[in-house]
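Here is a short report on a two-chain model. Keep the sequence and the 3D view open as you read.

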Amino acid sequence: MLEASDLECERGGRRLFRALTFSVNSGEIVRVAGANGSGKTSLLRILCGLLTPSAGEVRWNGARIQSLKEEYARHVLYLGHAPAVKDELTGAENLRVACVLAGLSTTAQQTRDALARFGVPGDKPVRQLSQGQRRRAALARLSVSWQAPVWLLDEPFTALDAAAAELTRTLLGEHAQRGGSVVYSTHQDAGLHDSRVIEL
Amino acid sequence: MVVWRELLVAMRRRSDVATALLFFVIVASLFPLGIGAEPNKLRAIAPGVIWVSALLSSMLSLGRLFAADHADGTLEQMVLGAAPLGVTAAAKAFAHWLVSGLPLVAIAPLVALQYDLDAGLYGVLALSLLLGTPVLSLIGGIGAALTLGVRGGGVLLALLVLPLYVPVLVMGAGSVEMASAGLGGQGQLLILGAMLIVAAAFAPWATAAALRISSE
């Protein structure tokens with residue numbers, strides 16, 4: 001279980017949120033909503049350990065994530081604003097590298113299937129793909145990251161067409177059904193059966 | 001895997017690798033043209049000039065060490081990776097050395113031909129670069145991580161890193177000078193080796209700490 005207690009975040013001298021307490025249990029999908037600049041990205045970065053909160057703490061199964069370090073990282077999939085794919089590498093190479101970095105064991109066939117599911121050509125350098133296809137290449141990680149119980153996704157539906165958005169919704173739903181937890185940010189209702197909405 | 005990825009990216013962006021190597025060759029070749037063809041003078045300045053050229057060439061490619069990963073978001077994935085960040089930083093520094101340091105080691109004896117260096121000194125020069133250039137990559141990694149995302153980071157990087165490069169430069173160039181004076185350069189080479197061990201042991205962890213600060 002992921003727990004956030006009394007979280008406070010200040011960026012550039014401006015307080016984004018304070019006294020934010022919530023928990024995310026297995027099988028829950030939590031949506032982080034709010035206007036631009038309200039701190040959605042900062043909250044997700046705090047939850048994954050990239051950003052240190054001004055006050056408060058995040059715990060994973062009772063232990064502070066700062067003390068768990070890589071042990072916590074193995075349980076988390078974080079997809080930020082940037083697609084985290086290298087232009088020079090192909091979709092398949094990018095996915096393989098991402099999985100190894102995350103400590104996920106995947107086969108070449110699983111990598112190919114994940115990319116095919118999102119309609120991303122696995123053998124083309126990413127620089128030759130459109131923005132939407134790059135986003136799909138990044139989201140293909142969802143198909144091979146079932147081993148990571150916590151998914152933290154920053155605006156996962158941005159730049160996606162209807163089919164890719166539907167596939168993403170399906171994958172998020174499947175992950176929750178498997179007992180995983182999903183925390184994602186979005187400006188509008190993405191049509192998911194959210195367990196809870198955190199309004200910033 | 002990080003090393004494999006870095007080499008793959010470098011192979012597909014050959015111009016970046018060639019730029020640093022060409023810079024080394026051009027800078028080292030300009031001195032004989034500017035100073036004149038006086039063999040004794042050229043022999044005397046050769047170790048220092050070649051080492052300074054190697055140092056500047058290595059620094060030229062430092063800016064890209066983490067900048068591209070920072071821009072495309074892959075750095076976040078490394079920071080959140082399953083492997084300790086220090087190990088990833090060490091792999092990045094090793095890949096940087098393979099791409100920008102090792103070619104200098106290979107080409108330095110050819111460049112040294114212009115300085116009429118004794119044939120027996122080519123080995124000492126190459127060995128000093130072989131021991132010294134990884135230290136440049138390791139120390140440079142700390143500077144590159146600290147200046148990540150900072151406006152005017154290139155100048156700041158040079159200000160941060162160049163003073164730390166001085167001992168490597170002194171020992172590297174000194175080993176060739178001592179060998180050319182017939183005193184043997186083993187002492188300097190051993191110190192360079194010690195510097196490499198210390199840098200390999202500590203620099204990746206300092207780089208990791210700097211990367212964590214920069215990714216906040």
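**Ground rules**

This is a predicted model, in which local features need pLDDT of at least 70, side-chain atom pairs count only at pLDDT 80 or more, and totals for chains, interfaces and linings use all residues. Residues are numbered from 1 along each chain as its sequence is written, while chains are lettered from A and ligands numbered from 1 in the order in which they are written.

**Chain A as a whole**

Chain A has 8 helices and 9 strands. Helices (H or I, at least four residues) and strands (E, at least two) are DSSP runs, numbered from the N terminus. The C-alpha atoms of chain A fill a box of roughly 45 × 30 × 30 Å along the principal axes. A compact globule of 200 residues would have a radius of gyration near 16 Å, and chain A agrees at 16 Å. That radius is taken over C-alpha atoms, and the globule rule is 2.2 Å times the number of residues to the power 0.38.

Of the 200 residues in chain A, 47% count as buried. Buried means that 20 or more other C-beta atoms lie within 10 Å of the residue's own; exposed means 12 or fewer, partly exposed is in between, and C-beta atoms are placed from the backbone. Contacts can be sorted by sequence separation. Among those in chain A between residues at least 6 apart in sequence, 70% join residues at least 24 apart. Two residues are in contact if their C-beta atoms, placed from the backbone, lie within 7 Å.

**The antiparallel sheet**

Four strands of chain A form an open sheet in the order β2-β1-β4-β5, with antiparallel pairing. Strands pair if DSSP finds at least two bridges between them. β2 (14–24) and β5 (63–64) of chain A are the edge strands; each has a single partner, so one side of each is left without a neighbour in the sheet.

β1(A) and β2(A) pair over 7 bridges. E3(A) has S23(A) in β2(A) as its bridge partner. The hairpin of these two strands has 2 residues between them, and G12(A) there takes a positive phi near 60°. β4 (55–60) of chain A is joined to β5(A) by 2 bridges. There, W60(A) has A63(A) as its bridge partner.

Helix α1 (40–48) of chain A lies across β1 (2–11), β2 and β4 of chain A, at about 130° to β1(A). Axes are lines fitted to C-alpha atoms, for helices over the stretch in contact, and angles run from 0 to 180 degrees between N-to-C directions.

**The parallel sheet**

Another open sheet in chain A has 5 strands in the order β6-β7-β8-β3-β9, with parallel pairing. β6 (76–79) and β9 (196–199) of chain A stand at the edges with a single partner strand each, so one side of each has no neighbour in the sheet. From one strand to the next, the twist averages 15°. Strands β7 (150–154) and β8 (181–185) of chain A are joined by 5 bridges. L152(A) stands opposite V183(A) in β8(A).

**Two residues in helices**

C99(A) lies in helix α4 of chain A. L167(A) is found in helix α8 (162–177) of chain A. C99(A) touches L104(A), T106(A) and V144(A), not counting residues up to four places away in sequence. With the same exclusion, L167(A) touches R117(A) and F118(A).

| Residue | Class | Other C-beta atoms within 10 Å |
|---|---|---|
| C99(A) | buried | 22 C-beta atoms |
| L167(A) | partly exposed | 19 C-beta atoms |

The C-alpha atoms of C99(A) and V144(A) are separated by 8.0 Å, though 45 residues apart along the chain. For L167(A) and L139(A), 28 residues apart, the C-alpha separation is 9.9 Å.

**Where chain B meets chain A**

How many residues of chain B are in contact with chain A? There are 20, in contact with 25 residues of chain A. α1 (2–12) and α5 (74–79) of chain B each supply at least two residues of this side of chain B. The largest share, 5 residues, comes from α5(B). By class, this side of chain B has 9 nonpolar, 5 polar and 6 charged residues. Ala, Val, Leu, Ile, Met, Phe, Trp, Tyr, Cys and Pro count as nonpolar, Asp, Glu, Lys and Arg as charged, and the others, Gly among them, as polar.

In α1(B), the buried residues are V2(B), R5(B), E6(B) and V9(B). Seen down the axis of α1(B), they fall within an arc of 95°, so they line one face of the helix. The arc is that of the directions from the helix axis to the C-beta atoms. These buried residues pack against α4 (91–102) of chain A together with α6 (85–112) of chain B.
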